[in-house]
Amino acid sequence: GILIDRFGRKKVLIASIAAFGIGGMMTVWAANYQMLLLFSFLRGLGSPGISIIGNALVGDFYKSVKQRATVMGMKNSWTNVGNAIYPLIGGFLIGYSWKAPYLAFVVALLMIIPVMMMDEPEGTGKKSGTVKEYLRDIGDGIKSAQFLSLSVISFIVYMLLAGFFNSYVPFLVREMIGPTQIGLVMSIMAV
């Protein structure tokens with residue numbers, strides 16, 4: 001949004017990947033629940049930027065609607081495959097240590113290297129405008145019934161997934177099965 005317009009996609013993408021990767025990796029050193037929440041919050045700050053800019057870059061690099069649809073479909077498919085497979089991998093890794101799955105965030109940090117070498121796509125440079133104008137444009141978009149209904153549906157689905165499945169189910173089954181099986185259950189739920 002406004003950060004991309006002010007600083008450009010590349011800088012915001014690098015900052016987002018860094019926040020996501022560092023927040024995830026720092027979880028390994030969390031000494032208590034508060035630190036775990038703080039590092040998860042940092043990771044959460046980076047995640048939306050990665051997703052939003054990734055979608056925008058598809059539009060920048062692929063001008064044909066057919067190409068865009070194909071690439072966006074592939075991008076979203078691979079994201080969903082990762083969401084389905086990683087709980088299984090995480091369940092396997094947690095058999096070694098509860099901290100082991102968080103070491104995978106090193107990969108996110110390594111992704112900064114190719115992004116730093118990438119050129120900013122043409123026509124995506126900094127845009128002028130005040131924060132007030134930007135917020136007014138957002139307000140106009142939010143007023144639509146379609147946006148509101150999709151937001152409510154997305155929120156409900158997210159709360160079901162994050163609130164129940166991702167938070168409660170592992171504790172529920174922890175006494176009955178091992179970490180690898182919990183990962184398998186989470187992978188099946190992701191599908």
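**Core, aromatic pairs and a surface patch**

Met-74 is found in helix 4, residues 65-94. Helices here are DSSP runs of H or I with at least four residues, numbered from the N terminus. The model is predicted: local features need pLDDT of at least 70, side-chain atom pairs count only at pLDDT 80 or more, and totals for chains, interfaces and linings use all residues. Residues are numbered from 1 along each chain as its sequence is written, and side-chain values use heavy atoms, with hydrogens and water left out.

Met-74 is partly exposed, because its relative accessibility is 47%. Buried means under 20% relative accessible area, exposed means over 50%, and partly exposed lies in between (1.4 Å probe, protein chains only). Met-74 belongs to a nonpolar surface patch with Trp-78, Val-81, Ile-85, Tyr-86 and Ile-89. Together these residues have about 590 Å² of accessible area. Such areas come from the Shrake-Rupley method with a 1.4 Å probe; for residues, only the protein chains shown count as cover. Patch residues have over 30% relative accessible area and no salt bridge; nonpolar side chains (Val, Leu, Ile, Met, Phe, Trp, Tyr) are joined within 5 Å, like charges within 9 Å. A salt bridge places a side-chain nitrogen of Lys or Arg within 4 Å of a carboxyl oxygen of Asp or Glu.

The largest nonpolar core has nine residues: Ile-4, Val-12, Leu-13, Ile-17, Ala-18, Ile-53, Leu-57, Ile-112 and Val-115. A core joins buried Ala, Val, Leu, Ile, Met, Phe, Trp, Tyr and Cys residues through side-chain atoms within 4.5 Å. Helix 2 (9-26), helix 3 and helix 6 (112-117) each give two or more residues. Helix 2 gives the most, with four.

Three aromatic pairs are counted. Rings of Phe, Tyr and Trp (its six-membered ring) pair if their centres lie within 6.5 Å; planes under 30 degrees apart are stacked, over 60 edge-to-face, and the rest tilted. Phe-92 and Tyr-96 are edge-to-face, at 5.6 Å centre to centre and 80° between the planes. The Tyr-102 and Phe-105 pair is stacked, because the ring centres are 6.4 Å apart and the planes lie at 15°. Tyr-102 is partly exposed at 23% relative accessible area, whereas Phe-105 is buried at 13%.

Arg-43 lies in helix 3, residues 33-61. Arg-43 and Phe-105 are 62 residues apart in sequence and 9.8 Å apart in space, C-alpha to C-alpha.
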